[in-house]
Amino acid sequence: METILSYFETIPSAHRALILAGGITIFWWIENAFPLFRMNYKKWNHAGINLFFTGTTILVNFSMAFLLLQSAAWVTQHEFGILYWLNIKNLWLYAFVGLLLLDLIGAYLAHLVQHKVRWMWKFHLIHHTDTWVDTTTANRHHPGESVIRFVFTLLGVWLVGSGMGLVFLYQSLSVVFSQFNHANMPLPKKVDKWISYLIVSPDMHKVHHHFQLPYTDSNYGNIFSVWDRLFGTFSYLDRNQIHYGVDTHPEPNEHNNLKNLLAIPFQKYRKPTT
């Protein structure tokens with residue numbers, strides 16, 4: 001684990017880009033060869049919109065990366081945060097607990113808050129407007145949401161007390177797991193169910209993309225499923241009953257138009273139907 005953390009502490013930007021591109025490529029190939037749902041859409045056009053938002057997310061994260069670096073350096077220098085207070089000696093256990101806590105704050109909490117705070121939801125719902133959920137959907141985030149998520153990641157660094165190696169390891173795993181659980185690929189139902197007791201499986205996350213409440217407001221996890229189960233936000237819906245999208249924006253010109261997607265957070269709020 002020491003070698004892994006050391007590598008991620010100084011991981012080149014090119015390697016991080018390869019992780020992002022490699023994940024999309026692998027899951028893109030799998031979902032093309034073995035699709036869960038055969039969706040009638042122009043896959044490359046759809047990917048173009050989602051990859052645009054991937055690019056804006058990269059720009060947001062890159063432009064504010066110095067805040068992560070400074071924060072990780074400060075908590076390390078001053079031994080501040082939960083990991084230091086727990087004083088975990090075993091590096092594997094240290095990394096596992098650190099990843100759990102970063103996932104709690106940087107993913108689960110950030111996701112839940114965006115569903116509960118109206119102005120944040122207006123940025124986040126761009127992710128939910130996608131009616132053709134596939135591996136590219138994982139990175140479909142409005143630039144405003146990317147800033148919100150970055151702030152929660154920063155909060156996680158301060159509270160958890162994670163060094164830069166652990167932060168970059170978490171971010172890399174987060175990208176790959178998100179691509180995995182959004183991918184339009186079938187796992188055997190029993191396999192999907194069993195892995196969902198530890199990690200967020202494709203079936204588990206796709207419930208979150210069902211177009212109506214209460215399913216939209218459930219299954220907030222990204223890497224670990226334990227937080228949804230612990231805090232009572234886990235729900236189940238058979239994959240064949242899932243209808244992608246969000247009921248407040250059902251029209252194709254709303255969810256498949258880049259200009260409109262960028263403008264949605266600044267449009268009049270629409271109440272969801274139940």
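## Nonpolar cores

The largest nonpolar core has 43 residues, and Leu68, Leu83 and Leu166 touch the most other members. A nonpolar core here is a set of buried Ala, Val, Leu, Ile, Met, Phe, Trp, Tyr and Cys residues joined through side-chain atoms within 4.5 Å. Buried means under 20% relative accessible area, exposed means over 50%, and partly exposed lies in between (1.4 Å probe, protein chains only). Helices H1 (2–9), H4 (65–78), H6 (91–116), H8 (143–160) and H9 (164–182) each supply at least two residues of this core. H6 gives the most, with eleven residues.

Leucine 83 touches Ile88, Tyr94, Val97, Gly98, Val160, Gly161, Ser162 and Leu166, leaving out residues up to four places away in sequence. Contact means heavy atoms within 4.5 Å. A second, separate core has nine residues, among them Leu36, Val133, Val207 and Leu237.

## Basis of the model

This is a predicted model: local features need pLDDT of at least 70, side-chain atom pairs count only at pLDDT 80 or more, and totals for chains, interfaces and linings use all residues. Residues are numbered from 1 along each chain as its sequence is written, and side-chain values use heavy atoms, with hydrogens and water left out.

## Overall fold

The protein has 14 helices and zero strands. Helices (H or I, at least four residues) and strands (E, at least two) are DSSP runs, numbered from the N terminus. The pattern along the sequence is α-α-α-α-α-α-α-α-α-α-α-α-α-α.

The C-alpha trace spans about 50 × 40 × 35 Å along its principal axes. A compact globule of 274 residues would have a radius of gyration near 19 Å; the protein has 18 Å, which agrees. That radius is taken over C-alpha atoms, and the globule rule is 2.2 Å times the number of residues to the power 0.38. Of the 274 residues, 55% count as buried. Among contacts with a separation of 6 or more, 76% join residues 24 or more positions apart.

## Surface and charge

The protein exposes about 13300 Å². Carbon and sulfur atoms supply 66% of that area. Accessible areas come from the Shrake-Rupley method with a 1.4 Å probe; for residues, only the protein chains shown count as cover.

There are 20 positive and 16 negative side chains. The centres of the two sets lie 6 Å apart. Lys and Arg count as positive and Asp and Glu as negative, while His and the chain ends are not counted. Each charge is placed at NZ of Lys, CZ of Arg, CG of Asp or CD of Glu.

## Backbone exceptions

Most residues other than glycine have a negative phi, and most peptide bonds are trans. Glutamate 79 has a positive phi, near 50°. This residue lies in the loop between H4 and helix H5 (82–86). Glutamate 79 is exposed, at 54% relative accessible area.

Asparagine 87 also has a positive phi, of about 55°, although it is not a glycine. Its place is the loop between H5 and H6. Asparagine 87 counts as partly exposed, at 47% relative accessibility. The peptide bond from leucine 213 to proline 214 is cis, with omega near 5°. Proline 214 sits in the loop between helix H11 (202–208) and helix H12 (226–230).

## Links across the sequence

Proline 35 lies in the loop between helix H2 (13–33) and helix H3 (43–63). Its C-alpha atom is separated by 5.6 Å from that of asparagine 184, 149 residues apart along the chain. Residues up to four places away aside, proline 35 touches Ile30, Asn184 and Pro186.

Tryptophan 92 lies in helix H6. Beyond neighbours within four places in sequence, tryptophan 92 is in contact with Met1 and Ile4.
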